[in-house]
Amino acid sequence: MLRPRGLHDGRRGRGPAVLHYSADDLLVVSGLPGSGKSTLMRRCIRARLVDSQQVREEFAARVPGWLPYFVYRPLVRVAHYRRLRRAVLAGGPLAVHDCGALPWVRFWLTRAAGRQGRRVHLVLLEATAAEAREGQHTRGQAVSAYAFARHREAAGRLRRRLAGTGAPPAGCASAVVLDRAAARALREIVFVAS
């Protein structure tokens, strides 16, 4: 069990089995597309989830199968950000899927949560490009080379910042970095009353 404070490096399979956060905290799960963010969130978290992948799946179930994702992607993004805003303003424990390619999203989350007196925590799933591509292949949803390059650049900046400062990103109370083995070993993420 770990109550994260500061930066915790859970790479090389040395991650905790359980992560504990306070009941009013907000958890941001970030990493490359295909790194396992949605899988981890659905498997480990028993709190409200805002996951862009879930919104995409809801839209895909309603549109004709022949319609390519890029056509309705703007609608998915608008629906996701509206859902995210409502969930943050509602308060209570919340876990958010963050693709990481849009730094303003994490900035807005930390500002909005801070105004509510809530802390924001980061879990970064560290995967190689090959591992992430394999994850995309497994779920049958490949990301374009252009989009994947943007995600890799954003994830690289975040990793370098964590390694350089040895502290969580600005606005975050803690950061936990998990490689594939450590993410698989994580059994539960719990929000508990302080």
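**Reading a cavity and its salt bridges**

Tutor: The largest cavity here has a volume of about 40 Å³. This is a predicted model, where local features need pLDDT of at least 70, side-chain atom pairs count only at pLDDT 80 or more, and totals for chains, interfaces and linings use all residues. Residues are numbered from 1 along each chain as its sequence is written, and side-chain values use heavy atoms, with hydrogens and water left out.

Student: How many cavities of 30 Å³ or more does a search of the whole structure find?

Tutor: A cavity is a set of points on a 1 Å grid over the protein atoms alone where a 1.4 Å probe fits but cannot get out; lining residues have an atom within 4 Å of a point. Grid points join across faces, edges and corners, and the volume is the space filled by probe spheres set on them. Here the search gives 1.

Student: Which element gives the most to the lining of the largest cavity?

Tutor: Helices (H or I, at least four residues) and strands (E, at least two) are DSSP runs, numbered from the N terminus. H6 leads with 4 residues. The lining includes His151, Ala154 and Leu158.

Student: What does glutamate 153 pair with?

Tutor: A salt bridge puts a side-chain nitrogen of Lys or Arg within 4 Å of a carboxyl oxygen of Asp or Glu. Glutamate 153 meets arginine 157 at 3.0 Å, N to O. They sit 4 residues apart in helix H6, so about one helical turn separates them.

Student: Is glutamate 126 buried or exposed?

Tutor: Buried means under 20% relative accessible area, exposed over 50%, partly exposed in between (1.4 Å probe, protein chains only). Glutamate 126 is buried at 18%, while its salt-bridge partner, arginine 159, is partly exposed at 31%.

Key. On a 1 Å grid over the protein atoms alone, a cavity is a set of points where a 1.4 Å probe fits but cannot get out, and a pocket is an open set with protein on both sides within 12 Å along at least five of seven lines; lining residues have an atom within 4 Å of a point.
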